[in-house]
Amino acid sequence: MDQARSTISKIFNGEPRSYTRFNLTQNMEGDNSQVEMKLSSDMDEEVGGNGVGEHMNHHPSPSYTNKPNQRAPRNICFMGMGILLLFIIGYLVGYLAHRRTDREIPRCPESLPLDDSDGVVPIETVPSLDWSDITTLLKSRLTTVGIESSLSEFSSASHQAGSLGDDVLGNKVMKRFKDYAMNPWTDEHFVRVQDPPLSGFNRVTFRDNSYNEPGFLSYSATGSVQGSVLYAYYGQMDDLRRLQDLSINLNGRVLLVRAGKNSFAEKVANAASVNASAVLIYPDPADYSFEKDEEFYGHVHLGCGDPYTPAFPSFNNTQFPPAKSSGLPAIPAQTIRASTAAAIMKGMGGRDPPRGWGDGGLRGVTYKLGNESDLVTVEVNNVLTEKKIHNVFGVIRGFIDADRYVVIGAQRDAWGPGYAKSTVGTSLLVELARAISSMISKDGFKPRRSIVFASWSAGEYGAVGATEWLEGYLTSLNMKAFSYINLDGVVTGSTFKASASPLMYDLIQSTLKEVSTSADSSKTLYSQVAGTNWERSVMEPMKLSDSAYPFQTFSGIPSVSFRFSSEKEYQYFGTNLDTKRNLDIKTSFNLPALVKTAGEVAGQMALRLVHDHLLRLNVEKYTTILRSNVALINREVISLQSSGRVPKTLKMQWLMSALGSYSRASRKLISNIQNSDLQDFEKCRIINNQIMGVERDLLSPYVSPRESPFRHILLGSGSHTLEALRNHLTAIKEGLASADIDLLKNQFALATWTIQSCANALAGSVWEMDNEI
């Protein structure tokens with residue numbers, strides 16, 4: 001009928017008119033909206049259609065008045081018969097065309113651009129599966145047999161970053177992505193890293209006895225340093241303050257600390273902050289029950305990425321002037337074996353350590369803090385080298401919002417075998433790619449948004465491959481990548497733990513309620529923490545050593561890292577003992593089943609994010625976190641003002657007002673979602689853009705990414721964070737030399753306007769904002 005009306009309109013109205021065709025097949029949440037938009041110019045004309053349920057909306061046609069005295073009755077009769085004939089022909093043509101298009105299934109082009117650089121968003125008519133069908137398909141496609149095969153294929157005894165073994169694994173990942181028709185590509189970087197000395201070891205000398213240490217810490221300061229050795233427990237700031245409270249001078253001392261509790265980089269940074277001269281890190285048998293005297297590997301860059309190209313990518317570093325990250329340590333650091341630590345401690349004198357510090361496992365050793373006369377020499381001769389690394393990518397393109405994507409990534413390299421650190425994650429990455437690809441090609445699943453699978457190199461040096469990619473494509477990723485799911489170290493036990501953006505907490509909770517445990521299919525992961533505060537039981541702060549940390553705090557991409565772990569930390573990371581045998585023992589020989597469960601968790605989170613009309617990211621979660629921080633700050637300010645240490649001119653009302661603005665904006669968005677037609681494609685896209693902007697807008701725009709790369713005011717690190725503001729109030733309270741009222745006021749102002757700016761962006765267009773500041 002539409003075609004008949006179009007034909008008649010052209011006969012009577014002359015010139016063809018421009019029109020917009022908008023095809024919208026409505027469905028419920030959980031189905032894909034079917035949308036097709038096409039603009040036709042005045043010079044182009046399209047008769048007929050290729051969509052189901054097509055509707056034409058023509059511009060009003062000008063009316064023409066027929067004068068009876070200019071039309072003979074006979075001519076009018078012929079004209080009427082002609083119109084009737086054309087009407088019948090048009091009706092038949094339209095009926096046949098409509099039946100033909102009913103039989104045709106719209107197909108998605110083989111390739112869709114991830115970036116709509118010309119401003120045109122590719123939109124497809126997309127049939128969908130129910131969510132229950134999707135989860136069932138994922139479970140059936142993700143098999144323990146396939147996982148075991150991949151674990152065998154990607155297992156390697158030597159695959160350090162930039163090595164031949166690393167390239168071999170990268171080529172295997174590339175081949176898999178090609179087999180799955182994922183149009184893979186690689187990303188090449190030239191990065192500078194520290195490798196062990198040419199001799200293969202660094203040296204530690206104590207009382208005329210030298211110990212050659214095969215382990216090493218990349219990015220340590222090099223050279224030879226001598227100082228009095230001081231036992232400093234785990235090297236945490238609380239440990240160092242406790243020593244200072246005992247009136248022990250830390251200046252120029254060589255700190256002997258245990259591995260664990262915090263990262264190597266944090267231990268060294270803490271030591272440098274109290275003017276220590278060097279750091280020795282050993283695995284205490286109380287924490288690490290190694291079968292033999294094992295060496296440790298790691299890095300001490302307090303940051304992520306190539307520290308010699310801070311905040312910019314290492315595509316070709318010869319183009320850039322010499323630069324260094326502010327996170328590079330200025331003092332030497334070295335890992336030593338437990339036997340070397342025991343030999344040093346046996347010769348140490350001094351006072352007894354604080355209670356609990358002496359509960360170590362070194363045999364025949366009485367733990368002492370050390371005397372000024374207990375001199376030790378640390379000699380570090382690491383070699384700075386340039387390496388070419390490759391990140392490998394594959395993409396499953398969305399059928400509606402192809403330019404919006406979730407990234408799933410895993411580290412490929414390792415110091416040694418790295419079975420738990422990298423083999424499991426890489427194997428799971430390719431198995432998820434295979435499972436979801438087959439769901440699309442064989443089962444008819446059509447995701448709205450895209451999924452990018454990433455295999456990173458140089459992860460052992462501090463997420464170098466991932467960070468360089470973020471730095472190189474930061475503007476391309478802006479408002480494109482809406483989530484990151486990290487698979488590194490995903491299985492070392494059976495207890496579920498996670499670190500994530502607060503925006504993703506609800507998604508994690510709903511996933512735990514749907515995924516069964518590996519031991520009992522009738523029980524869900526959520527049932528393991530039922531009856532308790534699940535967030536307190538499951539969620540942990542995201543650490544600097546987490547591979548997802550730069551995504552979250554540098555790029556503003558909501559991220560999640562999760563793992564199945566045991567009560568005791570997996571002790572083989574960074575050693576040559578991270579093997580299949582040891583991981584099998586740690587997981588009670590249930591590794592394939594646990595990896596499958598981990599795959600279901602990662603897969604369901606990713607599929608939920610690319611399937612639903614709206615992104616499953618809860619913006620109201622940050623209201624609670626902001627309110628808690630502001631309440632703590634307000635309490636401290638009131639206390640300090642009452643004692644006269646902070647002037648009354650420092651007003652809390654502006655920070656509170658910014659909090660109120662965010663709270664109102666988040667509630668308004670939730671209300672808008674509840675009252676919106678989720679079949680309205682453009683409305684959903686606007687709402688999703690608002691949701692995607694929250695994490696990015698919590699990055700402080702007032703600090704340099706080069707000096708403070710982790711700019712997130714709640715989850716990052718640096719003077720711009722709310723934690724730093726609270727710490728500054730504590731410094732004022734304790735009368736420390738670092739206290740500065742003018743700096744405090746500046747911190748207040750910048751934090752306030754970061755929160756207010758985030759609230760303004762969340763509120764929507766400028767004419768919709770309720771700006772009361």
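A crossing of two helices is left-handed if the near helix is turned anticlockwise from the far one by less than a right angle, and right-handed if clockwise. Keep that in mind for this chain, where helix H17 passes helix H20 in a left-handed crossing. The structure is a predicted model, in which local features need pLDDT of at least 70 and side-chain atom pairs count only at pLDDT 80 or more, while totals for chains, interfaces and linings use all residues. Residues are numbered from 1 along each chain as its sequence is written, and side-chain values use heavy atoms, with hydrogens and water left out.

**The chain as a whole**

- The chain holds 21 helices and 19 strands; these are DSSP runs numbered from the N terminus, with helices being H or I of at least four residues and strands being E of at least two.
- Of the 773 residues in the chain, 54% are buried. Here buried means under 20% relative accessible area, exposed means over 50%, and partly exposed lies in between, with a 1.4 Å probe and protein chains only.
- Among contacts in the chain with a separation of 6 or more, 79% join residues 24 or more positions apart. A contact means heavy atoms within 4.5 Å.

- H17 (residues 621-642) and H20 (residues 722-734) have axes that come within 10 Å and cross at roughly 15 degrees. Axes are lines fitted to C-alpha atoms, for helices over the stretch in contact, and angles run from 0 to 180 degrees between N-to-C directions.
- H17 and H20 are therefore roughly parallel to each other. Angles under 35 degrees count as roughly parallel, over 145 as roughly antiparallel, 65 to 115 as roughly perpendicular, and the rest as oblique.
- On the H17 side, the residues that meet H20 include Leu-626, Ile-633 and Leu-640, and their partners in H20 include Leu-722, Leu-729 and Lys-733. The residues of this contact of H17 with H20 divide into nine nonpolar, one polar and three charged. In this grouping Ala, Val, Leu, Ile, Met, Phe, Trp, Tyr, Cys and Pro count as nonpolar, Asp, Glu, Lys and Arg as charged, and the others, Gly among them, as polar.
- Helix H19 (residues 681-697) packs with helix H21 (residues 741-763) at an angle of about 170 degrees, with their axes 9 Å apart. H19 and H21 are therefore roughly antiparallel to each other.
- Gln-690, Val-694 and Asp-697 in H19 meet Thr-754, Cys-758, Ala-761, Leu-762 and Ala-763 in H21. The contact of H19 with H21 has five nonpolar, two polar and one charged among its residues.
- Helix H12 (residues 505-514) and helix H16 (residues 591-611) pack at about 125 degrees, their axes 10 Å apart. That makes H12 oblique to H16, and the crossing of H12 and H16 is right-handed.

**An enclosed helix**

- In helix H9 (residues 419-443), 20 of the 25 residues are buried, so H9 is largely enclosed by the rest of the structure.
- Gly-444 follows H9 and has a positive phi, near 80 degrees.

**Positive phi in residues other than glycine**

- Most residues other than glycine have a negative phi.
- Ser-247 has a positive phi, near 60 degrees. Ser-247 sits in the loop between helix H6 (237-245) and strand S9 (254-258), and it is exposed, with a relative accessible area of 69%.
- Ala-311 also has a positive phi, near 70 degrees. Ala-311 is in the loop between strand S11 (297-299) and strand S12 (333-335), and counts as partly exposed at 27% relative accessibility.

**Two buried residues to look up**

- Ser-457 lies in the loop between strand S16 (449-456) and helix H10 (464-472) and counts as buried at 0% relative accessibility.
- Leaving aside residues up to four places away in sequence, Ser-457 touches residues including Ala-161, His-390, Arg-412 and Val-464. Ser-457 and Ala-410 are 47 residues apart in sequence and 8.9 Å apart in space, C-alpha to C-alpha.
- Asp-584 belongs to helix H15 (residues 580-586) and is buried, with a relative accessible area of 9%.
- Not counting residues up to four places away in sequence, Asp-584 touches Phe-589 and Leu-591. Asp-584 and Gly-493 are 91 residues apart in sequence and 9.6 Å apart in space, C-alpha to C-alpha.
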